[in-house]
Structure formats: structure tokens, C-alpha cells
Amino acid sequence: EKARSCHRCLAIMEDESKASRQLFNAQPYSYCTDTRISTHKHTWIIQNVSLCDAGNLTSSEYSSVGDTKFKWLWHLILKESSNPVLRLFLRFISDNTFNFTANGEIIIDDKESIPFEAKGIAKNSAWNDCVNIKREVKNSSIMLNLELTIIEDFKCRTCDVPIVQNTKLSNYWTTLLDDKEFADVTIEVNGEEFSAHKAVLANRSSVFRAMLKHEMVESSQNKVTITDIEPKVFEQLLRFIYTDSVADLDATMAFELLQAADKYDLEKLKTLCEVALCGQISEKTVVNTLLLADFYRADQLKRVAIKFIGRNVRVIQTEEWKNLMLMKFDLANGVMIELLKGIQVK
């Protein structure tokens with residue numbers, strides 16, 4: 001009897017667990033990791049090497065252009081136990097950790113050229129071995145053509161507040177959307193018809209509420225016609241209205257769905273589209289993304305686009321940016337002002 005009672009209790013606990021189960025989707029469900037690559041070139045020439053008594057030489061201190069975020073030195077060892085050698089080390093003197101590639105060539109006496117390449121993870125004060133060769137005592141000059149590539153990662157957006165979604169309730173709404181029996185309105189979108197419930201549409205969207213009050217083709221038919229949106233986009237919009245979620249939100253769909261979300265006053269859907277588009281920004285798309293964000297008042301997306309331009313200044317040399325300066329000077333000028341403010345704050 002105790003065993004049966006225990007089994008009954010366990011079954012009740014499992015049912016309660018299923019009924020109250022929730023899914024936590026960490027925000028953002030999509031984010032942008034933007035890799036910034038900067039290359040720095042310089043030349044170091046050592047004359048009268050045969051007369052140099054110092055076994056070790058250190059270059060001047062170098063830093064990334066525009067800030068002191070990255071600093072490094074080159075070390076050259078010319079003697080080991082009185083024997084002529086040529087060992088080149090790269091040493092970083094900044095606290096940041098990042099990937100790097102060092103390459104170039106060493107030209108000895110304007111004749112012999114020795115290429116080299118080294119890769120690794122930069123750590124403060126660590127010596128990174130780049131070249132280790134023997135040389136002649138009589139060598140008179142050494143020229144080093146050095147190229148350092150620094151690879152950084154940036155996360156465009158983070159949010160600590162999770163979305164709590166009751167999966168059982170979500171399933172009920174999905175069933176309601178798919179069940180046509182009690183649907184009381186038909187929405188025709190460019191020739192394709194969708195069944196829906198007026199109460200749901202009116203409560204989720206102030207725009208739909210107004211449409212359902214005033215824009216019926218025939219009150220007896222309960223029909224609304226929409227011509228400025230594609231059926232596949234409206235299908236996703238309708239699914240969000242019922243389930244508070246969207247599926248397969250790629251860049252193209254997010255771009256079109258953001259416009260629809262703005263029109264139908266669906267702020268949460270608009271935010272989801274902004275987050276998805278943050279993860280798709282590149283040098284080729286950032287200007288169009290900036291235009292979209294400005295036009296539809298997508299402030300989060302606009303901030304991320306401006307930050308991307310600040311980290312990738314090559315954007316302002318593209319044809320897209322030049323066209324933006326001609327067509328939307330106020331927007332382009334505002335971006336430049338924001339970037340200058342950021343530099344001054346640093």
C-alpha cells in the first residue's frame with residue numbers, strides 16, 4: 001500500500017512538473033560577434049651590425065593607431081655565447097588578450113631575404129619567438145620589414161533579462177491558430193487567405209483593432225484585405241501574434257518582419273527582429289541597416305550599426321556611405337558626431 005501511495009505521489013508530482021514547466025530563452029537569443037582585424041606595418045633598420053657590442057636590441061614602443069589599447073615591442077638578439085645569431089621576438093606590453101599574426105622579411109646586407117611568420121595569442125609581457133637563425137660575423141646591416149595583424153572579437157549586444165515562456169500555454173495558442181472552426185475573420189494578403197480570431201488580433205495590436213472596427217469590406221463577410229505585405233511575412237507575423245515567437249528568423253525575414261511589426265504596433269516582435277539583424281551586420285550591409293533602423297525608429301539596431309561603423313572606419317570610404325551622405329546627410333552627419341563624441345570620451 002505504501003508503494004502504491006508513493007507511486008501515486010510521484011505521478012502527481014510529475015503532472016504538476018509538466019503543468020508548470022517553463023522555457024527560459026536567454027536574451028539575446030541571437031547576437032553579433034564582430035571580428036575586427038587591424039594590420040600595422042613598420043620597418044626597423046640596424047646599421048653597422050659587426051660593430052655592435054650589444055647582444056640584445058629593443059625597438060621603439062609601438063601602439064595601435066588612434067589609441068593605446070595595444071602596445072608592443074620587438075626584441076632582436078644578435079649574440080648568444082659570443083656566437084652571432086639572429087633571433088627575433090615580439091613582446092606585447094598591454095593587458096588585452098587577443099589573437100595575432102606576425103609576418104614579414106629580414107634583409108641582411110641588402111642581399112639575403114628571409115621571410116617569416118608567427119601566430120599565437122597575445123599575453124602581457126610574453127615573448128613570442130618569430131625568427132631563430134644563424135648569421136655571419138661580418139654582416140653589416142639588417143633591415144626588418146615587419147607586419148603585425150591583431151584580431152579582436154566584439155559582442156554587439158547583451159541582455160541579462162530572460163524571456164519566460166510557458167510552453168504549455170504557447171502550445172494552446174498554436175492549436176488555436178491552426179484550428180479554423182471558431183475563426184471569425186478572414187485576412188486576405190495579396191491573394192492568400194488567413195483565418196484568425198478578432199479578439200486575439202484586437203488585443204495584440206492597436207492597428208488591427210482599428211482595422212477590425214472600420215475597414216471591413218463587408219460586415220457580413222468579416223474580411224480584411226492587406227496588400228502591402230508578402231503572405232510569407234504575414235504568416236510569421238500572425239504566428240507571433242498567437243504564440244509570441246517566430247521561427248527561422250533569418251536576415252531577409254527579419255528585415256521584412258521589422259517593417260511589418262512597426263506598422264502593426266508589435267514592439268516585442270520589432271525588438272526580436274532588431275536583435276536578429278544585429279547578428280547580420282557587415283561592412284556591406286551596415287549602411288542599409290542604418291537606414292532601416294533610422295526610418296523605423298529601431299534605436300537598438302541603430303546604436304549597434306553606429307558602433308560597427310566606429311570599429312570599421314573603412315565603411316565611410318564605400319560607395320554606400322557616399323550615397324548616404326548625398327541622400328541622408330543629417331543621418332550621416334549625426335553618425336559622425338556620435339563617433340567623435342565616443343573618441344572624446346576615451
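**Ground rules.** I number residues from 1 along each chain as its sequence is written. The model is predicted, so local features need pLDDT of at least 70, side-chain atom pairs count only at pLDDT 80 or more, totals for chains, interfaces and linings use all residues, and side-chain values use heavy atoms, with hydrogens and water left out.

**Entry 1: the sheet.** I looked up an open sheet of 3 strands, in the order S13-S12-S14, with mixed pairing. Strands here are DSSP runs of E, at least two residues, and helices are runs of H or I, at least four residues, numbered from the N terminus. Two strands pair if DSSP finds at least two bridges between them. The edge strands are S13 (192-196) and S14 (223-226), and each pairs on one side only. From one strand to the next, the twist averages 25 degrees.

I then took the pairings one by one. S12 (residues 185-189) and S14 pair in the parallel sense over 4 bridges. Thr186 has Lys223 of S14 as its bridge partner. Ile187 stands opposite Val224 in S14. S12 and S13 pair in the antiparallel sense over 5 bridges. Glu188 has Glu193 of S13 as its bridge partner. The hairpin of S12 and S13 has 2 residues between the strands, and Asn190 takes a positive phi near 50 degrees there.

Which residues of S12 lie on its covered face, and which on the uncovered one? Val185, Ile187 and Val189 are on the covered face. Thr186 and Glu188 are on the uncovered face. In a regular strand the side chains alternate between the two faces of the sheet.

Entry 2: Helix H4 (residues 206-214) touches S12 and S14, and its direction makes about 120 degrees with that of S14. Helix H5 (residues 231-243) touches S12, S13 and S14, and its direction makes about 5 degrees with that of S13. Contact means heavy atoms within 4.5 Å. Axes are lines fitted to C-alpha atoms, for helices over the stretch in contact, and angles run from 0 to 180 degrees between N-to-C directions.

**Entry 3: H7 and H9.** Helix H7 (residues 267-278) packs with helix H9 (residues 299-311) at an angle of about 15 degrees, the axes 8 Å apart. H7 is therefore roughly parallel to H9 (angles under 35 degrees count as roughly parallel). On the H7 side, the contact is made by Thr271, Glu274, Val275, Leu277 and Cys278. H9 contributes Asp299, Gln300, Leu301 and Val304. I sorted the contact residues into 5 nonpolar, 2 polar and 2 charged (Ala, Val, Leu, Ile, Met, Phe, Trp, Tyr, Cys and Pro count as nonpolar, Asp, Glu, Lys and Arg as charged, and the others, Gly among them, as polar).

**Entry 4: two loop residues.** Ser59 sits in the loop between S3 (56-58) and S4 (62-63). Is Ser59 buried or exposed? Ser59 is buried, because its relative accessible area is 9% (buried means under 20%, exposed over 50%, partly exposed in between, with a 1.4 Å probe and protein chains only). Beyond four places in sequence, Ser59 touches Trp44, Leu73 and Trp74. The C-alpha atoms of Ser59 and Trp74 are separated by 5.3 Å, 15 residues apart along the chain.

Asp95 is in the loop between S6 (83-92) and S7 (98-108). Asp95 counts as exposed, at 69% relative accessibility. Asp95 and Lys123 are 28 residues apart in sequence and 7.1 Å apart in space, C-alpha to C-alpha.

How values were computed:
Parallel < 35°, antiparallel > 145°, perpendicular 65-115°, else oblique.
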